[in-house]
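Please examine the sequence and the structure shown below. The paragraphs that follow lead through the fold, the helices, the side-chain contacts and the surface.

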Amino acid sequence: MYATLLLIVRGLVLLQIATGRANDVWVFDICKLGEGAFAGAASLRGLLEDPLLEKLFWDCRSDCNALSFLFNVRPLNVVDLQLLETAHRLATGRKCYSVAG
């Protein structure tokens, strides 16, 4: 599962989720759905907190902070692709820009 969160200063705006199946992409308007998007096990909370589903994020720190602070959702089994890309660059001797934080 690939997840992307678009943030604004005051909170979460959009949550984009794609699966490994071709062309399956969903975009959730969190401003419109509000806390109801994360209510119950059969919700986005259930997906994000499922330890058996691998979630791929790019620079997930602010996304996970927003989910935790705003909705008390704590994604599990998250892989940060930015860190993997940085580690790969370092391991292969390619130019690497530091990751802030």
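Helices (H or I, at least four residues) and strands (E, at least two) are taken here as DSSP runs, numbered from the N terminus. The model is a predicted one, in which local features need pLDDT of at least 70 and side-chain atom pairs count only at pLDDT 80 or more, while totals for chains, interfaces and linings use all residues. Residues are numbered from 1 along each chain as its sequence is written, and side-chain values use heavy atoms, with hydrogens and water left out.

The secondary structure of the protein chain amounts to four helices and five strands. Along the sequence these elements follow the pattern β-β-β-α-α-β-α-β-α.

Glu-85 is partly exposed at 30% relative accessibility, and Arg-89 is partly exposed at 22%.

How many salt bridges does the structure hold? There are three. One of them joins the side chains of Arg-45 and Glu-49, at 3.5 Å from N to O. Arg-45 has a relative accessible area of 21% and is partly exposed; Glu-49, with 24%, is partly exposed. Another is formed by Arg-61 and Asp-59, whose closest N and O atoms lie 2.9 Å apart. Asp-59 counts as partly exposed at 23% relative accessibility, and Arg-61 counts as partly exposed at 35%. Arg-61 belongs to helix α3. Its C-alpha atom is separated by 8.8 Å from that of Asp-80, a residue 19 positions away along the chain.

Asp-63, Cys-64, Ala-66, Leu-67 and Phe-71 are its buried residues. These residues cover an arc of only 160° around the axis, which puts them on the same side of α3; the arc is that of the directions from the helix axis to the C-beta atoms. Asn-65 and Phe-69 are exposed on the other side of the helix. After α3 comes Asn-72, which has a positive phi, near 55°.

A pair of aromatic rings is described by the distance of the centres and the angle of the planes. Rings of Phe, Tyr and Trp (its six-membered ring) pair if their centres lie within 6.5 Å; planes under 30 degrees apart count as stacked, over 60 as edge-to-face and the rest as tilted. The structure holds one such pair. The rings of Phe-38 and Phe-71 have centres 4.5 Å apart and planes at 35°, so the pair is classed as tilted. Because Phe-38 lies in the loop between α1 (30-33) and α2 (44-48) and Phe-71 in helix α3 (residues 61-71), the pair ties together parts that are 33 residues apart in sequence. Phe-38 is buried, with 2% relative accessible area, and Phe-71 counts as buried at 14%.

The cysteines present a further point. The structure holds zero disulfides, a disulfide being a pair of cysteine sulfur atoms within 2.5 Å. Cys-60 is in no disulfide, and the nearest cysteine sulfur, belonging to Cys-64, is 4.4 Å away. Cys-60 is buried, at 12% relative accessible area, whereas Cys-31 counts as exposed at 53%.

Finally, the surface. Which residues make the nonpolar surface patch of about 300 Å²? Trp-58, Leu-81 and Leu-84 form it. Patches are made of residues with over 30% relative accessible area and no salt bridge, like charges being joined within 9 Å and nonpolar side chains (Val, Leu, Ile, Met, Phe, Trp, Tyr) within 5 Å. The accessible areas come from the Shrake-Rupley method with a 1.4 Å probe, and for residues only the protein chains shown count as cover. Trp-58 is located in the loop between β4 (55-57) and α3.

Definitions and conventions
Buried < 20%, exposed > 50% of the residue type's maximum accessible area, 1.4 Å probe, protein only. Salt bridge = Lys/Arg side-chain N within 4 Å of Asp/Glu carboxyl O.
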